[in-house]
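Here are a few notes to read alongside the model. Have it open as you go through the points.

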Amino acid sequence: QHLFVMYAHLHSMDVLTGQTLQPNQRVGTMGNSGNSSGTHLHLEVRAGSDSAETRWAMLRNGLLNPSILFLR
């Protein structure tokens, strides 16, 4: 499986799709875009078998428990 990470409701993006990130690198600033009630960061992690998949809805949601994933 491949992991895909989406940050939603950003005010600005400081990185490019596919860019390799460094530890503690800022990826963007929080915003209040779309259907939200205040400034915040929405983070989703999904898994898929095709690393080239670009349709977010086609990826499997709920396969990974973030509280376990980020303990690594």
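1. Buried means under 20% relative accessible area, exposed means over 50%, and partly exposed is in between (1.4 Å probe, protein chains only). By that rule H9, at 15% relative accessibility, is buried. You'll find H9 in the loop between β1 (2–8) and β2 (10–13); strands are DSSP runs of E with at least two residues, and helices are H or I runs of at least four, numbered from the N terminus.

2. Before going further: this is a predicted model, where local features need pLDDT of at least 70, side-chain atom pairs count only at pLDDT 80 or more, and totals for chains, interfaces and linings use all residues. Residues are numbered from 1 along each chain as its sequence is written, and side-chain values use heavy atoms, leaving out hydrogens and water.

3. How confident is the predictor? On pLDDT, its per-residue confidence from 0 to 100, the protein averages 78, and 75% of the residues score at least 70. Strand β3 is highest with a mean of 91, while helix α1 (residues 66–69) is lowest at 58. Where pLDDT is low, the predicted coordinates should not be read in detail.

4. Back to H9. Leaving aside residues up to four places away in sequence, H9 touches M30, G31, N32, S33, G34, N35, S36, H40 and H42, where contact means heavy atoms within 4.5 Å. A polar atom of the H9 side chain lies 2.5 Å from the backbone oxygen of S33.

5. Now look at β4. E44 is in that strand and is buried, with a relative accessible area of 17%. L41, in the loop between β3 (28–30) and β4 (42–48), is partly exposed at 39%.

How values were computed. pLDDT is the predictor's confidence in each residue, from 0 to 100. A polar contact is a pair of N or O atoms within 3.5 Å; within protein, one must be able to donate a hydrogen and the other to accept it, and residues adjacent in sequence count only if both atoms are side-chain atoms.
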